[in-house]
Amino acid sequence: MTIDWLPDRGIRRAILALGAAGLTVIATGALPEALWLLGLGVWAVIAAMMIELVYRP
């Protein structure tokens with residue numbers, strides 16, 4: 001029986017939300033070819049990946 005620790009679920013939600021927001025911004029920036037939106041989205045995805053790598057529950 002595994003009991004999820006509440007802060008672990010919160011971090012997981014934050015990672016998923018940051019990654020999803022980053023991918024949405026990338027897709028939004030790709031349509032009008034706005035490089036600043038692409039860059040912002042890429043940095044959001046990189047931040048989500050770094051949190052995932054550093055914080056492993």
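The surface comes first. In this predicted model, the protein chain exposes about 4,500 Å², and carbon and sulfur atoms supply 74% of that area. Buried residues account for 16% of the 57 residues in the chain.

Part of the surface forms a nonpolar patch of about 630 Å². Its members are Val 42, Trp 43, Ile 46, Met 50, Leu 53 and Val 54. Take Leu 53 as one of them: this residue sits in helix α2. With a relative accessible area of 55%, Leu 53 counts as exposed, because the cut-off for that class is over 50%.

Now the fold. The chain has two helices and zero strands. Helix α1 covers residues 6–30, and helix α2 covers residues 35–54. If we take contacts between residues at least 6 apart in sequence, 52% of them join residues at least 24 apart.

Next, the charged side chains. How many salt bridges does the structure hold? There is one. The partners are Glu 52 and Arg 12, whose side chains meet at 3.1 Å, N to O. Glu 52 belongs to helix α2 and Arg 12 to helix α1, so the pair ties together parts that are 40 residues apart in sequence. As a general point, side chains of opposite charge can pair when their charged atoms come close.

Are these two partners buried, exposed or in between? Glu 52 has 25% relative accessibility and counts as partly exposed. Arg 12 is also partly exposed, at 42%.

To recap, the model has two helices, one salt bridge and a nonpolar surface patch that includes Leu 53.

Conventions. Residues are numbered from 1 along each chain as its sequence is written. This is a predicted model: local features need pLDDT of at least 70, side-chain atom pairs count only at pLDDT 80 or more; totals for chains, interfaces and linings use all residues. Side-chain values use heavy atoms; hydrogens and water are left out. A salt bridge is a side-chain nitrogen of Lys or Arg within 4 Å of a carboxyl oxygen of Asp or Glu. Helices (H or I, at least four residues) and strands (E, at least two) are DSSP runs, numbered from the N terminus. Buried means under 20% relative accessible area, exposed over 50%, partly exposed in between (1.4 Å probe, protein chains only). Patches are made of residues with over 30% relative accessible area and no salt bridge: like charges are joined within 9 Å, nonpolar side chains (Val, Leu, Ile, Met, Phe, Trp, Tyr) within 5 Å. Accessible areas come from the Shrake-Rupley method with a 1.4 Å probe; for residues, only the protein chains shown count as cover. Contact means heavy atoms within 4.5 Å.
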